[in-house]
Structures are given as C-alpha cells and as structure tokens.
Amino acid sequence: MKLLFAAPAFITLVQAGLRFPCSTLTFQRLDPAGQPGSNPSAHVHHIVGGNAFNVTMEGDVGERATCTTCQMSEDFSNYWTATLYFKHPTNGSYHRVSPLPVQPLLGGSNGAQGGLTVYYSQFDLSRDNLAQQPIKAFPPGFRMVVGNPAATQKVHSGLSYQCMSGNNRGAITNEMPTKPCPDGIFTTHHFPPCWDGKNLDSPDHQSHMYNTVTSEGFTNAPKCPSSHPVRVPQVAFETVWNTKEFNSMWPSGAPNPFVWSFEGSKTGYGTHADYLFGWKGDSLQRAMDKSECFYDGCGVIKKQAMNIANQCTVKQIVREETGGWLKNLPGMEM
Ligand SMILES: *[C@@H]1O[C@H](CO)[C@@H](O)[C@H](O)[C@H]1NC(C)=O
Ligand SMILES: *[C@@H]1O[C@H](CO)[C@@H](O)[C@H](O)[C@H]1NC(C)=O
C-alpha cells in the first residue's frame with residue numbers, strides 16, 4: 001500500500017439553524033398578524049403552534065401560552081398560511097384539503113398530525129452565519145406577513161409550489177401546478193431576513209422587514225441594507241397538501257381546480273404566510289448562537305414528543321364549518 005494518509009471518514013459540517021415539525025392547531029378564520037382584532041378575518045387559515053392563539057395577540061406570547069403543537073417545547077409562536085381548497089370543476093362546491101406531515105424529516109415525521117415544518121436558518125442549509133454577522137432572535141410581540149392574497153404576479157422570492165411524486169418534490173414554480181400531482185402539492189413560504197430593528201409590526205405588516213434573497217430555496221441572504229440592518233433568522237414553512245384524494249375529480253385537460261381560501265388569482269400568486277413570535281425567554285437566541293443546532297435541535301433548547309404536542313388545542317372562536325363540502329368558501333359568500 002502506498003497510501004500515506006487515510007482519507008477522513010467524515011467531513012465535519014458546521015450546521016446551524018432549526019428544522020422541526022408542528023402539528024395542526026386549528027383551521028379558523030382568524031389572523032392576529034394580518035388582520036388583528038377581526039373576528040372573523042377575511043379567509044380561513046391553517047394554524048400551528050402555541051395555545052395563546054387569539055383574535056388579537058399582543059405582548060409576550062411565550063409567557064402566556066402553556067402548550068404548543070411544535071416539537072420545540074419552548075416555542076409558543078404561531079405560524080399560519082391560507083388553507084388550500086378543492087373547487088369541484090362541475091358543481092363549484094369547495095372541499096378543504098388536508099395537510100400531511102412533511103417528509104422526509106430526520107427520524108420521520110415524528111408523529112406530527114398534519115401541520116407544517118418550520119425552519120429558522122442562519123445561512124443556507126449547511127453552514128452557519130455567526131462568523132459573518134450575528135443572528136438576532138425576534139423580540140416578544142414581533143410579527144410579520146409575507147406575500148399578498150391580491151397578488152396576480154410574483155411578489156416575493158421564496159413563495160413556491162412543487163408537484164409531489166412519491167418523495168420527489170419536482171421543480172419549484174411560483175404558480176400552482178397545472179396538472180394533477182400524484183402525491184400532493186408542496187408549498188414553501190420564506191420570510192425576509194432583515195429587520196429595521198425597531199418596529200414589532202408595520203401598517204402593512206411587511207415594511208419593517210426587507211428581503212435580500214432573490215432566488216428560490218435555501219440560500220444565504222445577502223447583506224442587509226442600512227434601512228433594515230438587523231439580520232434575523234430566515235424563517236420558512238413547508239406544507240404538503242393532500243390533493244391526491246381529489247385528483248379523480250380533476251377531468252383531463254381541465255384547469256387547476258385547487259384554490260386558496262381567498263380564491264384569488266388562478267395562478268396561485270396570492271400565496272402568503274404569517275408569523276407571530278412566541279419563543280419563551282431567550283430560547284431562540286440560545287439556539288441561534290450555537291453552531292451545532294440543526295434539524296431536530298440541540299442541547300440548549302428543549303424538545304417534546306409529538307404525541308404530547310398533539311394534545312395542545314385551542315377553542316374554536318369562529319363558529320363555522322370550514323371542512324366538508326361547502327357551497328362557498330367561508331367569508332366569501334356571494
Ligand atoms: C383571547 O382573548 C380574549 C379577549 O381578550 C380573552 O378573554 C381570552 O382569555 C383569550 N384567550 C387566550 C387563549 O388567550
Ligand atoms: C359536488 O360534488 C361533490 C362530489 O361528488 C358532492 O359531494 C357535492 O355534494 C356536490 N355539490 C353540490 C352542490 O351538488
């Protein structure tokens with residue numbers, strides 16, 4: 001043997017950021033970030049996270065909530081998007097589409113029920129950003145919205161769709177798939193990574209934030225501008241919608257029958273998401289300060305089994321049916 005040096009068996013990657021499942025908490029027409037105080041809000045949302053979820057949410061949510069549907073047990077934040085509906089191509093009735101736990105998560109879906117996967121990343125998915133710029137966790141009371149239900153064209157990079165076939169997610173598009181997807185529609189919502197450092201919110205719920213990312217997927221955020229100098233974790237949601245059960249009602253060649261809960265443009269450009277920070281104390285900051293926190297956490301933050309997370313519930317504040325066959329989308333009655 002002429003080999004002088006053995007190749008290392010492993011190359012140690014520095015990984016930073018969090019990725020974890022949150023089960024479905026509720027489907028309701030409430031929107032404490034986008035439409036605080038509105039009971040009901042304009043359209044139905046799919047909501048995960050802490051049980052302080054309410055019509056209006058001010059102050060330190062992490063101190064008020066007592067349980068969460070998320071795997072990280074100190075995370076009482078709420079995360080939500082519009083809900084996907086199937087619109088029957090011939091009779092026009094609507095049926096809510098169920099979310100499925102996102103696969104593959106390290107260790108499977110860990111028993112999540114529906115829900116979505118949340119990311120807090122510092123750089124891309126394999127490196128941290130600590131040496132370049134510190135990552136500041138959000139303060140209590142912070143909230144933000146990304147995307148716009150009225151959009152008829154692309155408004156933000158990182159709001160996308162993929163057509164699932166098995167575990168293959170397919171090409172990333174900014175428009176809804178136009179053909180039946182064998183195993184569901186995968187949606188992604190990336191939030192902006194730069195904050196003005198002062199405002200917990202803004203009149204449009206977006207202008208206190210700034211997006212420097214111009215491509216889809218997980219990439220590093222270019223430097224923040226002086227107007228929004230504070231680099232925060234890059235928050236992203238992934239949801240898999242179980243559209244498969246409706247594919248047999250999609251006639252060959254007919255247009256896409258899936259619509260968001262606000263109907264909106266047929267293209268799906270109105271896709272949007274809401275975030276309301278609720279980590280307890282400095283737990284998110286502690287996670288962001290550690291290079292070894294990734295995928296399912298690290299020693300500095302606590303986790304819970306998903307069968308415990310699944311027991312966290314909230315009351316149905318808006319008393320209306322959002323599932324089953326509906327003549328109209330809730331809130332969209334003619
Ligand atoms: C929701 O808000 C109402 C009105 O302020 C309050 O009475 C109720 O306790 C709140 N519920 C939760 C779960 O925080
Ligand atoms: C539309 O079709 C679905 C599926 O067959 C059915 O369950 C629903 O009741 C129909 N709606 C109306 C208004 O007929």
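Glu263 counts as partly exposed because 16 C-beta neighbours lie inside 10 Å. Here a residue is buried if 20 or more other C-beta atoms, placed from the backbone, lie within 10 Å of its own, exposed if 12 or fewer, and partly exposed in between. Glu263 is found in the loop between β16 and β17, and has a positive phi of about 65° although it is not a glycine. Strands (E, at least two residues) and helices (H or I, at least four) are DSSP runs numbered from the N terminus.

This is a predicted model, in which local features need pLDDT of at least 70 and side-chain atom pairs count only at pLDDT 80 or more, while totals for chains, interfaces and linings use all residues. Residues are numbered from 1 along each chain as its sequence is written, and chains are lettered from A and ligands numbered from 1 in the order in which they are written.

His205 also has a positive phi, near 65°, and is a residue other than glycine. His205 sits in the loop between β12 (194–195) and β13 (209–210), and its 19 C-beta neighbours inside 10 Å make it partly exposed. A further backbone feature is the cis peptide bond from Asn39 to Pro40, with omega near 5°. Pro40 belongs to the loop between β2 (24–28) and β3.

Tyr269 is placed in the loop between β16 (258–260) and β17. Tyr269 counts as buried because it has 22 C-beta neighbours inside 10 Å. Contact means that the C-beta atoms of two residues, placed from the backbone, lie within 7 Å. Not counting residues up to four places away in sequence, Tyr269 touches Ala151, Thr152, Gln153, Lys154, Val155, Asn174 and Glu175. Tyr269 and Ser160 are 109 residues apart in sequence and 8.7 Å apart in space, C-alpha to C-alpha.

Overall, the protein has 3 helices and 18 strands. Its radius of gyration is 20 Å, close to the 20 Å that the globule rule gives for 334 residues, so the protein is as compact as a globular protein of that length. The radius is taken over C-alpha atoms, and the rule is 2.2 Å times the number of residues to the power 0.38. The C-alpha trace spans about 70 × 55 × 40 Å along its principal axes. Of the 334 residues, 46% are buried. Among contacts between residues at least 6 apart in sequence, 72% join residues at least 24 apart.

Strand pairing is next. Two strands pair if DSSP finds at least two bridges between them. Strands of a sheet pair through backbone hydrogen bonds, either parallel or antiparallel.

| Strand pair | Bridges | One bridge |
|---|---|---|
| β3 (residues 45–49) and β4 | 5 bridges | His45 with Ala82 in β4 |
| β4 and β17 (residues 273–276) | 4 bridges | Asn78 with Leu276 in β17 |
| β5 (residues 84–87) and β16 | 3 bridges | Tyr85 with Val259 in β16 |

Strand β4 (residues 78–82) is mostly covered, with 5 of its 5 residues buried. An open sheet of 4 strands has the order β16-β5-β6-β18, with antiparallel pairing. In this sheet β16 and β18 (325–326) stand at the edges, each with a single partner strand, so one side of each is left without a neighbour in the sheet.

The largest nonpolar core holds 73 residues, of which Tyr79, Val118, Ile185 and Tyr275 touch the most other members. Strand β15 (residues 234–241) gives the most to this core, with 5 residues. A nonpolar core is a set of buried Ala, Val, Leu, Ile, Met, Phe, Trp, Tyr and Cys residues joined through C-beta atoms within 7 Å. Leaving out residues up to four places away in sequence, Tyr79 touches Cys22, Val48, Gly49, Leu116, Val118, Phe237 and Tyr275.

Ala236 lies in strand β15 and is buried, with 22 other C-beta atoms within 10 Å. Apart from neighbours within four places in sequence, Ala236 is in contact with Tyr119, Thr188, His189, His190 and Phe191. The C-alpha atoms of Ala236 and Thr68, 168 residues apart along the chain, are separated by 18 Å.

The residues around ligand 2 are His88, Asn91, Ser93 and Trp325, each counted if its C-beta atom, placed from the backbone, lies within 6 Å of the molecule. This shell divides into 1 nonpolar, 3 polar and no charged residues. Ala, Val, Leu, Ile, Met, Phe, Trp, Tyr, Cys and Pro count as nonpolar, Asp, Glu, Lys and Arg as charged, and the others, Gly among them, as polar.
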